[in-house]
There are 2 protein chains.
Amino acid sequence: MGPGPSDVPTAVLEALSRQTIGHLDPEFVQLMEAIKSLLQTVFQTQNPLTLPLSAPGSAGMEFCLVNLLEAGDKVIICQNGVFGGRMLEIADRIGARSVAIQDEWGQPVDLNKVAEAVREHPDAKLIAFVHAETSTGARSDAESISKLAHDHGMLVLADTVTSLGGIPVEVDAWQLDAVYAGSQKCLSCVPGLSPVTLSERAIEQINKRRTKVQSWFLDVKLLLGYWGSDSRRSYHHTAPVNSLAALHASLTLLVSEGLPAAFARHMLHHRALAAGLQKLGIEFLVSESDRLPMLNSVLVPDGLNEAAVRRQLLDHYGIEIGAGLGALAGKTWRIGLMGHSARSANVYSLITALESILIQSGCGRQIETGAALTQVQQIYESST
Amino acid sequence: MGPGPSDVPTAVLEALSRQTIGHLDPEFVQLMEAIKSLLQTVFQTQNPLTLPLSAPGSAGMEFCLVNLLEAGDKVIICQNGVFGGRMLEIADRIGARSVAIQDEWGQPVDLNKVAEAVREHPDAKLIAFVHAETSTGARSDAESISKLAHDHGMLVLADTVTSLGGIPVEVDAWQLDAVYAGSQKCLSCVPGLSPVTLSERAIEQINKRRTKVQSWFLDVKLLLGYWGSDSRRSYHHTAPVNSLAALHASLTLLVSEGLPAAFARHMLHHRALAAGLQKLGIEFLVSESDRLPMLNSVLVPDGLNEAAVRRQLLDHYGIEIGAGLGALAGKTWRIGLMGHSARSANVYSLITALESILIQSGCGRQIETGAALTQVQQIYESST
């Protein structure tokens, strides 16, 4: 129940542990085609350029930025947590000129600031933002940011590492141009892969580059020799065959459940968790309208040693929750309800354990024993 | 029996498929320490900076080059196959000035040319070469290249993707400064990880950089926040927890067998394979003294459709062998005897299957049925 990796279903672990076959084996090439198609479904896109990178989500971020930007290009980057900051850092290493839009950690990206930035910097090529900030638990309005970008002739890049599979990510409807995610959050696959998708507009911009992409490993044109539609599949790198078989299994599970059902499941368990936490006197960092269901960022109650509580949860109850990152280190916990981890047993277990720890610590004198669990149960009962 | 991935032992697949735990879980942090220590043993080094990258060997190559080189730096790159060419391509994307030493594909790096290059280019910072060219099956003299580099005050970078675990790779004794490998060859782990090690000299050079490393994902200083000796383990990216558990298992198997025993095993099965191939009239690309035991590059007999033979081996016998790469496409096959794939059952099966296919094709009229297997058997019998 940390901010990812989430629990991995048995069927996915079984697919992972099948004997390794060659990365150019005809059977594996078929699996690659199936993965691309499943990813299109999950990203809600027709983009032919939709594939998993052989590296974690951080490499997905770098992939999007190094392919879309060249030295000297101007980019507007929205920062409202750790990952927007990381985008600024990567843009700097490309030699791009960044315009940073700053919002408080825990707040969504302010659309007024975006509107102002696109007016002030009409020469920017790209707006980049984080749809679901894993460091804070805030959801930003991807569709509106995208509209502002396109109204000013800019491309738009979205980090959906934490959102994909847990809340709607509508790449085509929202006209997102470059999107990356991670395998280990709401997709409930093992960590190490980054699904990405690029629009036709993004590919046009890449085709107009004056310089080579600075990373050989992440150059989309080279990757396409292996992942593209040419069935000859020229070798680029040795793909992580086992992890990709696991991704295929996890995407198959998600598509079988159906995206709307998966989104509803994440929301239900989030509501149950939130109801229980409220009774324990634990408050959310993010206001209700902007909260992510799969990443619950809550304020550590005064007087508690936050690291000791996390250690106690892990050692005594086998439950992992995450620490705050960056500016929120020591101030928040991050409770994940992602993919296969978004289930009632997890919510009941965590609320029970937290209640017990709070009462034991003396910080919870006002807590009515069992009341939080009653709240959780009521949410579940009212949903059936 | 292709050029990797090799077969993965059951114990490694079992470790791979254990339920995913957090990348900051204390249990996982212990596993990281164990992996670093096992990698030091396998690389035969005391380098504290020895760790697995969360991406395949191609990213390992880029890691070494982007950390050691800055725009304008001069580098000598030895090219005698596909992977030296890839180094040149990456160096170009860094803006480094490359001096290429060209040798024929199938030949080792010519030491006379290296000696000439270091004399002619005393301002070069680095010599890069491929210890075991996976595209050709040729082994180069790492120790001598390293000596030439250090005699002229240059650092030395070695690609040991195919050699590590199969033939000696003595990082400290040979004074190699930056070395990368892959998980999926003689280590017999799943593909997707790249073990790397950097010497103190390499770290000194990195500390003197005037500019930031152009890749955020591959910046060694950022990676050290997670992999370094500070037990706080600040988050950099979400590590591929399952693949790393598998790497731990595969390294444990290799160290239990013992490096000398593993090297002898690779050599034995190579000798058996070579004896059988000779009787079938199939010749090696590489002269005997420079051959890699784990990557047998052989010339496709005249009159055979090389792709059809590979397909027949795969479909009828369940055996994968590799095609030629680059300049050798269509001309060679690459037969892997790597890690867990280096065993007698594989050699017997392939020789039997090839004999049958050659006789069937009509290209093998001069083949004496069963003679190749007798040769294979004699090698095994004389070894016990």
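Student: Which residues is A:Ala91 in contact with, leaving aside its neighbours within four places in sequence?

Tutor: This is a predicted model. In it, A:Ala91 is in contact with A:Leu65, A:Leu69, A:Val75, A:Ile77, A:Ala96 and A:Ser98. Two residues are in contact if their C-beta atoms lie within 7 Å.

Student: Where in chain A does A:Ala91 lie?

Tutor: A:Ala91 belongs to helix H4, residues 82–94. A:Asp73 is 18 residues away in sequence. From C-alpha to C-alpha, A:Ala91 and A:Asp73 are 9.4 Å apart.

Student: What makes A:Ala91 count as buried or exposed?

Tutor: Count the other C-beta atoms within 10 Å of its own. A residue with 20 or more is buried. A:Ala91 has 24, so A:Ala91 is buried.

Student: How many residues of chain A count as buried?

Tutor: The share is 56% of the 384 residues.

Student: How do you know what radius of gyration a compact globule of 384 residues would have, and what does chain A have?

Tutor: The rule is 2.2 Å times the number of residues to the power 0.38. For 384 residues, that gives a radius near 21 Å. Chain A has 21 Å, so the value agrees with a compact globule. Along the principal axes, the C-alpha atoms of chain A fill a box of roughly 65 × 55 × 35 Å.

Student: What elements are there in chain A?

Tutor: Chain A has 13 helices and 10 strands. Take the contacts in chain A with a separation of 6 or more. Residues 24 or more positions apart account for 73% of them.

Student: Why is helix H10 called roughly parallel to helix H12 in chain A?

Tutor: The axes of H10 (residues 259–279) and H12 (residues 344–361) of chain A cross at roughly 10°. They come within 10 Å. Angles under 35 degrees count as roughly parallel, so H10(A) is roughly parallel to H12(A).

Student: Which residues make that contact between H10(A) and H12(A)?

Tutor: H10(A) brings A:His269, A:Ala272, A:Leu273 and A:Gly276. H12(A) brings A:Ser344, A:Val347 and A:Ile351. They divide into four nonpolar, three polar and no charged.

Student: How many residues do chain A and chain B put into their contact?

Tutor: Chain A gives 42 residues and chain B gives 42 residues. On the side of chain A, helices H1, H3, H4 and H9 each supply at least two residues. H3(A) gives the most, with four residues.

Student: What kinds of residue are on the side of chain A that touches chain B?

Tutor: The division is 17 nonpolar, 19 polar and six charged.

Notes. Residues numbered from 1 in each chain as written. Chains lettered and ligands numbered in written order. Predicted model: local features only at pLDDT ≥ 70, side-chain atom pairs only at ≥ 80, totals over all residues. Buried ≥ 20, exposed ≤ 12 C-beta atoms within 10 Å, placed from the backbone. Axes fitted to C-alpha atoms, helices over the stretch in contact; angles between N-to-C directions. Parallel < 35°, antiparallel > 145°, perpendicular 65-115°, else oblique. Nonpolar A, V, L, I, M, F, W, Y, C, P; charged D, E, K, R; others polar.
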